[in-house]
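Open the model in your viewer and keep the selection tool at hand. This tour goes from stop to stop and says what to select at each one.

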Amino acid sequence: MSVSFDPKTIKKDFPFFTNRPNLVYLDSAASSQKPQMVTDAITDFYTKDYANIHRGIYDLSEKATAQYEEVRGKVKDFIKARSPKEIIFTSGTTESINLVAQSYARKHLKNGDEIIVTAMEHHANLVPWQVVAKQTGAKLRIWDITDDGTLDSKELNKLLNRQTKLLAITHVSNVLGVINDLKWITQKAHAVNAKVIVDAAQSVPHMGIDVEYLDCDFLAFSTHKMLGPTGVGVLYAKERHLEEMDPWLYGGDMIREVTLTKSTWNDAPWRFEAGTPNIAGVIGLGAAIDYLKNIGMNNIRTHEQYLIQKAIESLGSLPYITIYGPKDIQKRSGVLSFSIDGVHPHDIAQILDEDEIAIRVGHHCAMPLTKRLGVAATARASFYLYNTDEDIERLVNGLEKVYKVFT
Ligand code: ALA
């Protein structure tokens, strides 16, 4: 951990932790807490500057439009896209992926084509592809994981062929914390002319992302996991793909001209943002990006590596705990799934909750993956920039208590 990085100081920026000083929050993979700066930006907009966007000629509406569009530019810089036109605001990762499935894949795929998905996908990056496969007659092919929870590159070589049109993959597994080697995967997929869509919900909040370097075709993430509000997400898409995509939702703001019998569409990205969007949420996202940039994504990644190392060592020293996924911290993010011999994960969460320690248990919206691990559910602790050494110590003490209660 860098000396300049002090999670205890960071915690002070989050009113949530001031209001709940004893809480150990270890569920940031599900959703993160929000710094004052983000809630202030949203409140200021609603209380001082509120108006709808892209519609009014009056000053307030023009200012709101400028603020909203400025965030598009911030997102572009944050993930190093080429142009703000490649950034579409959605309601979250799920909507972003469904947009690609319905606007891109449904139009371009046909009977006999193949879509590759991995066995570690969250439902949001699996179910839309199951549906599109059914709609188009394309075949879904599964890239299985190895027993240590990673993806074997040799398996991909066996799956890719000239029928492969799309590869849908998570950057970081929300269950195992495994970081996939996207650069290599994208090169392989592009060699057979397949497009790559990345679920980056668990990576964009935690590490620096460069979409130009990764060369992915589409990338989706959610604001609420990166210190921003709920109800806002992003779809990054290479501009040339957007040009080939029809709108998915139709109505206000996405049109150029409407007659009673037909309509023409606005340019990208606006033709994919029908209706009044979550303007305040997008402005909150802008503040979240400012906050994260100020801390530095590399510092956040280093801090999480420090925490995950400590957590793996501490939990790994308890003989009744099984940790899922690789132990090498270079290959994983700040997500740790585990189980306790003979104790149901729900009981783990309940006992920890009595001591104000919040973790998530269950299948983590990735049922095929938990099944592949040979369990019905796991317990999961996930870390972020505000987690401290003490949080891990409290978790370990809590787990020792759980074991004593149930054995
Ligand atoms: N996808 C979120 C999680 O992993 C909700 O908890």
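Predicted model: local features only at pLDDT ≥ 70, side-chain atom pairs only at ≥ 80, totals over all residues.

**Stop 1: the ligand shell**

The shell consists of Ala29, Ala30, His122, Asn174, Gln202, Lys225, Arg360 and Arg380. Colour these residues by class. Two are nonpolar, three are polar and three are charged.

**Stop 2: polar atoms at the ligand**

Which distances separate ligand oxygen atoms from side-chain N or O atoms of Arg360 and Arg380? Draw them one at a time. For Arg360, an N or O atom of the side chain is 2.3 Å from a ligand oxygen. For Arg380, the corresponding distance is 2.8 Å.

**Stop 3: the pocket**

Where does the ligand sit? Its place is in the largest pocket. That pocket has a volume of about 250 Å³. Its lining is made up of 23 residues. To find the centre, select Thr93, His122, Ala201, Ser222 and Lys225, which lie nearest to it. Two of these, His122 and Lys225, also belong to the ligand shell. By class, the pocket lining splits into eight nonpolar, 11 polar and four charged residues.

**Stop 4: the cavity**

How many cavities of 30 Å³ or more are counted? The count is one. The largest cavity holds about 40 Å³ of space. Select Glu95, Leu99, Trp248, Leu249, Arg271 and Phe272 to see its lining. Four of the lining residues are nonpolar, none is polar and two are charged.

**Stop 5: a cis peptide bond**

Select Ala268 and Pro269 and show the backbone. The peptide bond joining them is cis, with omega at about 5 degrees. Pro269 belongs to the loop between strand E10 (263-265) and helix H11 (279-295).

**Stop 6: a positive phi**

Finish at Asp253. Is its phi positive or negative? The phi of Asp253 is positive, at about 75 degrees, although the residue is not a glycine. To place Asp253 on the fold, show helix H10 (239-243) and strand E9 (255-258); the residue is in the loop between them.

Key
Residues numbered from 1 in each chain as written. Heavy atoms only, no water. Near = heavy atom within 4 Å. Polar contact = N/O pair within 3.5 Å; in protein donor to acceptor, adjacent residues only side chain to side chain. 1 Å grid on protein atoms, 1.4 Å probe; cavity = no way out; pocket = protein on both sides within 12 Å on 5 of 7 lines; lining within 4 Å. Sits in = over half its atoms within 2 Å of the grid points. Nonpolar A, V, L, I, M, F, W, Y, C, P; charged D, E, K, R; others polar. Points joined across faces, edges and corners; volume = space filled by probe spheres on them. Helix = DSSP H or I, 4+ residues; strand = E, 2+ residues; numbered from the N terminus.
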